[in-house]
Amino acid sequence: MYRIALLALVLAAGPDEPSEPPKVAVRLSEWNVELAQQTLAPGSVTFAVTNTGNIPHAFEIEGNGIEKETSTIQPGDSATLTVTLKPGTYEVYCPVGNDSHKKL
């Protein structure tokens, strides 16, 4: 289980600039969740998740009233998860196997 913290700084786009949520790369493998960034600005963010392991995994983020996860990701496949985060601390983990991956 890993935790990420959010800064209290919000970056706003100009009035004519449509903004896409920033992307954070996530690599899943056996009992490991590796995020490219540990600290993020509050707001919408897209997690680009790749399963680099040898068994199915998924990605879940939980905290501050949010609990969202990807579907199961097969080895070598990818998925995205877009959420809107508030300032605070979140847990990220693999929920596969009735949270058995989280426990390990």
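This is a predicted model: local features need pLDDT of at least 70, side-chain atom pairs count only at pLDDT 80 or more; totals for chains, interfaces and linings use all residues.
Good morning, colleagues. I begin with the whole chain. The protein contains nine strands and one helix. Read from the N terminus, the order of elements is β-β-β-β-β-β-β-β-β-α. Of its 104 residues, 36% are buried. The accessible surface amounts to about 6100 Å², and carbon and sulfur atoms hold 50% of that area. As for contacts with a separation of 6 or more, 63% of them link residues 24 or more positions apart.

Four strands form an open sheet in the order 3-2-5-8, and their pairing is mixed. Strand 3, residues 32–35, and strand 8, residues 78–85, are the edge strands, each pairing on one side only. On average, and with direction ignored, neighbouring strands of this sheet are turned by 25 degrees against each other. Strands 5 and 8 run antiparallel and are joined by eight bridges.

What does Phe 59 touch, beyond residues up to four places away in sequence? Its contacts include Val 26, Leu 28, Val 33, Phe 47, Val 49 and Leu 81. Lys 68, Glu 69 and Thr 70 are also among them, as are Val 92, Tyr 93 and Pro 95.

Is Asn 51 buried or exposed? Asn 51 counts as buried because its relative accessible area is 1%, and the cut-off for buried is under 20%. Its side chain makes two approaches to the backbone that I wish to point out. The side chain of Asn 51 reaches the backbone nitrogen of Gly 53 at 2.8 Å, and it reaches the backbone oxygen of Ile 55 at 2.9 Å. Leaving aside neighbours within four places in sequence, Asn 51 is in contact with Leu 28, Pro 56 and His 57, and also with Ile 73, Gln 74, Pro 75, Gly 76 and Asp 77.

Thank you for your attention.

Methods:
Residues are numbered from 1 along each chain as its sequence is written. Side-chain values use heavy atoms; hydrogens and water are left out. Buried means under 20% relative accessible area, exposed over 50%, partly exposed in between (1.4 Å probe, protein chains only). A polar contact is a pair of N or O atoms within 3.5 Å; within protein, one must be able to donate a hydrogen and the other to accept it, and residues adjacent in sequence count only if both atoms are side-chain atoms. Contact means heavy atoms within 4.5 Å. Two strands pair if DSSP finds at least two bridges between them. Helices (H or I, at least four residues) and strands (E, at least two) are DSSP runs, numbered from the N terminus. Axes are lines fitted to C-alpha atoms, for helices over the stretch in contact, and angles run from 0 to 180 degrees between N-to-C directions. Accessible areas come from the Shrake-Rupley method with a 1.4 Å probe; for residues, only the protein chains shown count as cover.
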